[in-house]
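Reader: I am new to this structure and would like a friendly tour. Could you take my questions one at a time?

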Amino acid sequence: MDAGGAAPLRRREMAAAVSGAGRCRPGKVGAGRRPPPARVRVAVRLRPFVDGTAGACDPPCVRGLDSCSLEIANWRNHQETLKYQFDAFYGEKSSQQDIYAGSVQPILRHLLEGQNASVLAYGPTGAGKTHTMLGSPEQPGVIPRALMDLLQLTREEGGEGRPWALSVTMSYLEIYQEKVLDLLEPTSGDLVIREDCRGNILIPGLMQKPITSFADFERHFLPASRNRTVGATRLNQRSSRSHAVLLVKVDQRERLAPFRQREGKLYLIDLAGSEDNRRTGNKGLRLKESGAINSSLFVLGKVVDALNQGLPRVPYRDSKLTRLLQDSLGGSAHSILIANIAPERHFYLDTVSALNFAARSKEVINRPFTNESLQLPVLAPIKLSQKELLGPSEAERAQGPEEEEIGSPEPPAAPASASQKLSPLQKLSSMDPAVLERLLSLDRLLGSQGSQRTHGLNTPRRERMVLMKTMEEKDLEIKRLKMKQKELEAKVLAQEALDPKDKENSSPAILQPLARRTVTVAKPLKKAVVMPLQLIQEQAASPNAEIHILKKKGRKRKLESLDASEPEEKAEDCWELQISPELLARGRQKILDLLNEGSARDLRSLQRIGQKKAQLIVGWRELHGPFSQVEDLEHVEGISGKQMESFLKANILGLAACQRSGPS
């Protein structure tokens, strides 16, 4: 294994390249452009031998070649090895700091840009996933190191004088036997996973705790970690029996215009390990837990395969785990997969399975983008004096009854109309002072609660006056039209009171009374009507004969004359359709041309011909040549004599009759 000094340098260069190339700048990603792709980064960590376990003295089955590749013995041929290439490989002597600085730390900067990121620990049971994510007090893992650096970044970026104000919240949950349980609030029960209108995955009812320092994080995280389900097996005394997900959300609000908002999410996921029940010795409840774990990991593999193959349906909904990881795999997050493997030979099959899954996962493409929205600030309500709101005339009357007696008497105002009473912009001078005071207090209450609606009372005075003037003009126009209508009706009534002789001698340009409701009759549409051959011949013989239209009402058919008032019933036998031989020949020739030259799509336009029969006709034509007559369709496999008869009635007769008919 090559663990020289060039390995950390190469990992740092690679991490810098990932941080620069995968970053999605909000200003360059428009609404109509797809965000740039970012491949899932895969790192493999080989844990050292565990003292006291079987096979601790045997040589390892995995060997690292450099900082990005490794090889493992081929179980089909022991003289050959299988080589794997990943983004990073950490050997037995790698520390927690090497893994965090090389793979996890570069993606934290994306959270401050409003993008999502996720870190997944994958591997068989007993391979060291929980140690990689949590660590110990002496060697902290990925979770405490990431939270410490993230809180430091938010303090620096959200300080006084900076353009953004930042806040951090955390949630902690586990997926135990396909149940989503809140570790911060264990009594909440099974939670549901939803998807909002923008495609973001969320869990309603999940507890969120605000944190401002690492001490706040420890105060919430350590008690919640003790709520996670663990159990003892033959391979691990504290085996994780559930998938644990720590969700850290970073909210940003711009202090100045245009007051943008950003939201970045960090998923830190400790997956439960796949288990072979023959080696773990699971029974009873442990066997049921193992079945749920293996089932969810199997669906996870199906999701990765579907993304790599470009299938139209990705089975995210087949498991709670994959539903929650929808952003991390094929979604909008910068994803890091840390595959943990063991060197012992009795872990060989689990190690090969984990390496194959990691190799498939590095081909998954994500498209991170900035979660940014525009939020207008809540403006304080405009405070106007009572004199500005009431106007000069009402202000003088509201000063007191003494001043009203001194002033000149004014005529009483007309009562407000129904439209003015219902209008939110009516004149304030027509209101009672007590009612006005209550409306003002209500408006101030709504403004103090942060309502963003536009209040009629707080509308600027100039705009309010313009709106009220427009409403007055509309009311005057309506009154003028009503008066004009009354005058016209009065003239009509006066005209009706005249003598009949005067009515006859009067001018024809007398105004008629205006109808309350004018009913317009639509013009009849032109119709193409199929008429019997007997009537056609009779009409051709006598051009002055009346034209009849065939209408179908229920099961009876009636002849309705355009000039007659009552319909004339005819017997059913009188309506047998007869077509001239010339029209029949023309219709048969048209069908024959379509059978010989038309494609399968053209043949489907015929009656009684579907997709299957059209393909059979085209195939028969390619084998035997063109049809000589329409009756040759009987030779096509799948078309019987009865079907041939119905085909002729539906197509040849119909086409011939339609060619003869015209608009009524």
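Predicted model: local features only at pLDDT ≥ 70, side-chain atom pairs only at ≥ 80, totals over all residues.

Reader: How many residues apart are Glu289 and Arg241?

Author: Helices (H or I, at least four residues) and strands (E, at least two) are DSSP runs, numbered from the N terminus. Glu289 belongs to helix α7 (residues 285-309), while Arg241 sits in the loop between β14 (239-240) and β15 (243-254). The pair links distant parts of the chain, and its separation is 48 residues.

Reader: Are Glu289 and Arg241 buried or exposed?

Author: Buried means under 20% relative accessible area, exposed over 50%, and partly exposed in between (1.4 Å probe, protein chains only). Glu289 and Arg241 also take part in a network of salt bridges with Glu275 and Arg286. By the cut-offs, both Glu289 and Arg241 are buried.

Reader: Which residue meets Arg360 in a salt bridge?

Author: Arg360 lies in helix α9, and its partner, 55 residues away, lies in helix α7. With an N to O distance of 2.8 Å, the partner is Asp305.

Reader: Is Arg313 buried or exposed?

Author: Arg313 forms a salt bridge with Asp318, the closest N and O atoms being 3.3 Å apart. Asp318 has 39% relative accessibility, so it counts as partly exposed. Arg313 has 53%, so it counts as exposed.

Reader: How many salt bridges does the whole structure hold?

Author: The pairs above are part of a wider set. A search of the whole structure gives a total of 21.

Reader: Why is strand β17 largely enclosed by the rest of the structure?

Author: In a regular strand the side chains alternate between the two faces of the sheet. In β17, Ala333, Ser335, Leu337, Ala339 and Ile341 point one way, His334, Ile336, Ile338 and Asn340 point the other way, and all are buried. Strand β17 (residues 333-341) is largely enclosed because the buried residues number nine of the nine.

Reader: Which residue of β17 is the bridge partner of Leu120?

Author: Two strands pair if DSSP finds at least two bridges between them. Strand β2 (residues 41-46) runs parallel to β17, joined by six bridges, and Ala43 stands opposite Ile338 there. Strand β7 (residues 116-122) also pairs with β17 in the parallel sense, over seven bridges. For Leu120, the bridge partner in β17 is Leu337.

Reader: Which helix packs on the sheet of β3, β4 and β5?

Author: This open sheet has three strands in the order β3-β4-β5, with antiparallel pairing, and its edge strands are β3 (62-64) and β5 (81-85), each pairing on one side only. Neighbouring strands are turned by 25 degrees against each other on average, direction ignored; axes are lines fitted to C-alpha atoms, for helices over the stretch in contact, and angles run from 0 to 180 degrees between N-to-C directions. Contact means heavy atoms within 4.5 Å. The helix touching β3, β4 and β5, with a direction about 145 degrees from that of β4, is α9 (residues 348-361).

Reader: Is Arg228 buried or exposed?

Author: Arg228 is placed in the loop between α5 (214-225) and β13 (230-231). Leaving aside neighbours within four places in sequence, the residues in contact with Arg228 include Thr130, Glu174 and Asp270. Since its relative accessible area is 9%, Arg228 is buried.

Reader: What share of the chain's residues is buried?

Author: The chain contains 21 helices and 22 strands. Its length is 664 residues, and the buried share is 37%.

Key
Residues numbered from 1 in each chain as written. Heavy atoms only, no water. Salt bridge = Lys/Arg side-chain N within 4 Å of Asp/Glu carboxyl O.
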